[in-house]
Amino acid sequence: MRFIGFIIFFIYVYCEVSFFIAVANTIGVFLALICIIATSILGFSLVKTQGLKNLSIMQQKIANKQSPKDEIIRSVALLFAGFLLFIPGFLTDILGAVLLIPNVQEHIVKFIVRKMPIKSRFVSSQTLYQNNDIIEGEFKYKDDE
C-alpha cells in the first residue's frame with residue numbers, strides 16, 4: 001500500500017517533467033521558466049483578491065443570519081487552487097487555473113454539499129442570547145490561605 005503513493009508521485013513527476021520539456025522545446029527554456037514564475041505570481045494575486053471578496057460575502061451572510069457554507073467551500077477551493085499554482089509546473093498550473101473558474105467552483109461546491117451527510121443549521125451568537133435570561137452578579141477573587 002505504501003508503494004502506491006510513491007508510484008503516483010513518480011508518475012506525476014514524470015508527467016510534469018515531460019510536459020515541461022515539450023513546452024520548453026516549443027517556446028524555449030527561458031520563456032518556459034518565466035511562464036512558470038508568472039503563473040505563480042498571477043495565481044497568488046488572483047487567490048488573494050478572490051479570497052478577500054469571499055471573506056466579505058461570508059461576513060454579509062453571517063450578518064444576515066444565513067449559512068456561509070458555500071463561501072467556505074469556495075475559499076477552500078481557492079486555497080487549493082493557490083497551492084496548485086504555487087507549485088512549479090505546467091500541469092499543476094493548469095489544474096489550479098481550472099479551479100479558479102467560478103463555474104467549476106460551483107460544480108465542486110454542489111458535489112461536496114451533496115456528499116455531506118449532516119445538514120447543518122447556522123446559529124449566530126445573537127440568536128443564542130435573545131431570550132433575556134441574563135443573571136447579573138458580583139464576584140471577588142480570594143487568595144488561597
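Reply: Let us begin with handedness: α1 and α2 cross in a right-handed way, where right-handed means that the near helix is turned clockwise from the far one by less than a right angle, and left-handed that it is turned anticlockwise. This is a predicted model, in which local features need pLDDT of at least 70 and side-chain atom pairs count only at pLDDT 80 or more, while totals for chains, interfaces and linings use all residues. Residues are numbered from 1 along each chain as its sequence is written, and side-chain values use heavy atoms, with hydrogens and water left out.

Me: At what angle do the axes of α1 and α2 cross?

Reply: Two packed helices are described by the angle between their axes and the distance between the axes. Here the axes of α1 (residues 2–27) and α2 (residues 29–63) cross at roughly 120° and come within 7 Å; the two helices are therefore oblique to each other.

Me: Which residues of α1 and α2 meet?

Reply: Phe 20, Val 23, Ala 24 and Ile 27 in α1 meet residues of α2 that include Val 29, Leu 31 and Ile 36, contact meaning heavy atoms within 4.5 Å.

Me: Which residues form the largest nonpolar core?

Reply: The largest nonpolar core consists of seven residues, namely Val 47, Leu 78, Ala 81, Leu 84, Leu 85, Leu 99 and Leu 100, and helix α3 (residues 69–86) supplies the largest share, four residues.

Note on methods
Axes are lines fitted to C-alpha atoms, for helices over the stretch in contact, and angles run from 0 to 180 degrees between N-to-C directions. Angles under 35 degrees count as roughly parallel, over 145 as roughly antiparallel, 65 to 115 as roughly perpendicular and the rest as oblique. A nonpolar core is a set of buried Ala, Val, Leu, Ile, Met, Phe, Trp, Tyr and Cys residues joined through side-chain atoms within 4.5 Å. Buried means under 20% relative accessible area, exposed over 50%, partly exposed in between (1.4 Å probe, protein chains only).
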